[in-house]
Amino acid sequence: MAGEPQDDCLFCKIVGGSIPATIVRETETTVAFRDINPQAPTHVLVIPKAHYRNAAALAAEAPELAADVLRETRAVADEEQLESYRTVFNTGGGAGQTVWHAHAHVLGGRGLEWPPG
């Protein structure tokens with residue numbers, strides 16, 4: 001069920017504390033932690049504590065929580081002192097989503113090319 005922790009979800013386990021992560025920020029509704037396979041000098045994931053399959057489901061079912069996630073991407077960038085950065089939501093396997101829990105990537109610390117991918 002949307003919003004409920006999933007036993008087989010890596011990010012739900014991070015939220016629950018059973019899998020360690022390098023947490024950089026935490027609010028009542030979100031957790032931000034360093035990506036274990038960084039694609040830039042700064043690569044932080046911002047996730048809602050509640051489980052939603054992807055960004056589209058999060059936006060449709062919990063728009064206030066989606067706003068919390070987006071707000072935290074800026075807070076991470078500010079704390080990391082990023083002059084410029086990219087925020088990425090991969091939605092679906094064809095877009096590169098590999099963990100089925102909505103999350104935003106905050107990437108910065110180097111030049112980022114366009115178009116990506």
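Analyst: Buried here means under 20% relative accessible area, with exposed over 50% and partly exposed in between (1.4 Å probe, protein chains only). Helices (H or I, at least four residues) and strands (E, at least two) are DSSP runs, numbered from the N terminus. Bear in mind that this is a predicted model: local features need pLDDT of at least 70, side-chain atom pairs count only at pLDDT 80 or more, and totals for chains, interfaces and linings use all residues. Residues are numbered from 1 along each chain as its sequence is written, and side-chain values use heavy atoms, with hydrogens and water left out.

User: What is the order of the strands in the sheet?

Analyst: Two strands pair if DSSP finds at least two bridges between them. E3 and E5 pair in the antiparallel sense over five bridges, and four bridges join E4 to E5, also antiparallel. At the other end, three bridges join E1 to E2 (residues 30-34). The sheet is open, and its five strands have the order E1-E2-E3-E5-E4.

User: Which strands stand at the edges?

Analyst: An edge strand here has a single partner strand, so one side of it is left without a neighbour in the sheet. That describes E1 (23-26) and E4 (85-88).

User: Which residue is the bridge partner of His43 in E5?

Analyst: E5 has bridges to E3 and to E4. For His43, the partner in E5 is Leu107.

User: Which helix packs on the sheet, and at about what angle to E3?

Analyst: The helix in question touches E1, E2, E3 (42-48), E4 and E5 (104-108), where contact means heavy atoms within 4.5 Å. Axes are lines fitted to C-alpha atoms, for helices over the stretch in contact, and angles run from 0 to 180 degrees between N-to-C directions. The helix is H3 (residues 63-79), and its direction makes about 155° with that of E3.

User: Is Gln97 buried or exposed?

Analyst: Gln97 sits in the loop between E4 and E5. Leaving aside neighbours within four places in sequence, its contacts include Arg53, Asn90 and His103. At 4% relative accessibility, Gln97 counts as buried.

User: Which backbone oxygen lies 2.9 Å from a polar atom of the Gln97 side chain?

Analyst: A polar contact is a pair of N or O atoms within 3.5 Å; within protein, one must be able to donate a hydrogen and the other to accept it, and residues adjacent in sequence count only if both atoms are side-chain atoms. The Gln97 side chain reaches the backbone oxygen of Val99 at 3.0 Å. The oxygen at 2.9 Å belongs to Arg53.
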